[in-house]
Amino acid sequence: MLKWKVAEQIEQIELTLAEINSDPNENTLHPFNVLLGHELRTPLTSIHGVLSLLQSGKLDTQTEEGQALLELAVQSTNRLVRLAKALEHKSVPSLTIWSTADVERLQLANDLYSALEGQEILVFYQPIVSLATNQIIGFEALSRWQHPTKGLIPPGIFIPIAEETGLIHRLGNWVLKQACQQLSMWQHQYPSSSPLTMSVNLSGHQLLQKTPPGVVEQILHETGVSAHLLGLEITEGALIGNQEEITKVLLSLKSIGVQLDIDDFGTGYSSFARLQSLPINRLKLDRAFVSQKQWIVIEGIICLASSLELDVIVEGVETQEDLLALKQTGCQKVQGYLFSRPVNSQDAENLIAVQSNL
Ligand code: C2E
Ligand code: MG
Ligand code: MG
C-alpha cells in the first residue's frame, strides 16, 4: 500500500465531506471561524485553521481559547491517523474514485467517534425465555446508535465500521459495562432464586486483540455481577482462523467463570469435532433454521449438543406455529420477536416487573 496514496485519498474525502457540509453563506475554511465559534467540520480543515493561526502569530496558546484550539487540532490529527491506519489495512485496488456510499461510510466512521463521547450508543435488551417455565431467564444486550440526524442506526451498519476503525474495543467495553450495570440493578430490584443472566456480543476483533479477559474481570468486579451470569456471544465466523490463539483467549475468558456462547451457529463452518475442542458452554442456533422450518436439523443439533453437554438457545422464534414445532424438537430456550423485540431498558424492566408479580 502506497502511503502517499492514502494521504491523498484522505484529503480528497475530507474535501468532499467539507463540500457536502459547507454552507454557502459561511466561509468554513477561514481559520477565524473557530475563534468565532463556528464548528470546523472536518479534521483537515480544523488542523489547517489552527496551523494558519499559529503561523500568522494570531494564536495565543497561553489562553484558554488557544488551548482549546490546539486540543481540537490534536484530536483531529489522531482521527486522521486512525483513518489512515484503517485505510492502510484495507487492500483497496483503486483508491482514486470514491462512491457516494464510500463517502457516507467514512462520514459515519467520523461520526462514530463523537457518538461514543456523546452517549449516542444505546443498549437494548431482548429476553431469552425458558420453554419449561415460560419465564424470562435472561437478556441479550444489543446496541443501537441514536444518530443526531440519521435516526436509529442498527448494529449491522455500525459494528463493521467500529471494527474497521478500531473503535470496537471502546464500544464493546462500554456495552459490556452498561449491560452488567443494568443486570446488577435488576438483580437488586427484583431478587430471585434463579437470577437473570446477561449475554453480550463480543466481536472477533476484540477476541484477537486479547483484551477481553482483564477488562471483563474488571467490569464484573466494578458492577458486582457474578461471572457465571454473564454470557459472551462470539459468532461462529469469528472462531475460524488461528485456532491455537483463539482457544487460548477463550480459555482465559472461561477461567474467569463467564459463559461462552457460539452465536449464529450453523452459518459458519464449525464442525461438532471442532466444537468439542473449544471451551464453550452454549450454542445459539441461527434464526435461519427457524425461518426455513428445519425442525429435524434443529432436533439433531440439540441432541448432539446435549451429548457434548452444551446448552442450546434457538433464535428467531416469530410465530406460535414456530413455537409449537420447536417444542417437539426438545428445544428448551428461545429468543425471538414472538416474546419480545429488543427493547430499551425501561421496557425490559417492565417485562421483569410483570413476571415478578405473577
Ligand atoms: P445477534 O447477536 O445474533 O443478535 C440477534 C439479532 O437478531 C438482533 O438483531 C435481533 O434484533 C434479531 N432478532 C431477534 N429475534 C428475532 C426474530 O424473531 N426475528 C428476526 N428477524 N430477527 C430477530 P440486531 O439487534 O440488529 O443485531 C444484529 C447483530 O449485530 C447481532 O446479531 C450481533 O451479531 C451484532 N451486535 C449487536 N449489538 C452488538 C454489540 O454491542 N457488539 C457486537 N460486537 N455486536 C453486536
Ligand atoms: Mg448475539
Ligand atoms: Mg445470533
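The structure shown here is a predicted model, in which local features need pLDDT of at least 70 and side-chain atom pairs count only at pLDDT 80 or more, while totals for chains, interfaces and linings use all residues. Residues are numbered from 1 along each chain as its sequence is written, chains are lettered from A and ligands numbered from 1 in the order in which they are written, and side-chain values use heavy atoms, with hydrogens and water left out.

Let me start with the overall chain. It has 15 helices and 9 strands; these are DSSP runs numbered from the N terminus, with helices being H or I of at least four residues and strands being E of at least two. Of its 358 residues, 45% count as buried. Buried means under 20% relative accessible area, exposed means over 50%, and partly exposed lies in between, using a 1.4 Å probe and protein chains only. The chain exposes about 18500 Å², of which carbon and sulfur atoms supply 53%; such areas come from the Shrake-Rupley method with a 1.4 Å probe, and for residues only the protein chains shown count as cover. Among contacts between residues at least 6 apart in sequence, 66% join residues at least 24 apart, where contact means heavy atoms within 4.5 Å.

N201 is partly exposed, with a relative accessible area of 29%, whereas E233 counts as buried at 1% relative accessibility.

Next, ligand 1. Of the 21 residues around ligand 1, R144, N201, D263, E318 and Y337 come nearest; a residue is taken as near when one of its heavy atoms lies within 4 Å. Polar contacts, defined as pairs of N or O atoms within 3.5 Å, carry a further condition within protein: one atom must be able to donate a hydrogen and the other to accept it, and residues adjacent in sequence count only if both atoms are side-chain atoms. A polar side-chain atom of R144 is 2.8 Å from an oxygen atom of ligand 1. For E140, a polar side-chain atom lies 2.9 Å from an oxygen atom of the ligand, and an N or O atom in the side chain of D264 is 2.9 Å from an oxygen atom of ligand 1. Taken alone, ligand 1 exposes 790 Å², and the protein buries 85% of that.

Finally, the salt bridges. How many does a search of the whole structure find? There are 8, a salt bridge being a side-chain nitrogen of Lys or Arg within 4 Å of a carboxyl oxygen of Asp or Glu.

One of them joins K284 and E233, with the closest N and O atoms 2.6 Å apart. K284 lies in strand β7 (residues 282–285) and E233 in strand β5 (residues 230–235), so the pair ties together parts that are 51 residues apart in sequence. Both K284 and E233 are buried. A network of salt bridges links E140, E233 and K284.

Another salt bridge joins E117 to R170, at 3.0 Å between the closest N and O atoms. With E117 in helix α5 (residues 100–117) and R170 in helix α7 (residues 168–189), the pair ties together parts 53 residues apart in sequence. E117 counts as exposed, at 59% relative accessibility, and R170 is partly exposed, at 38%.
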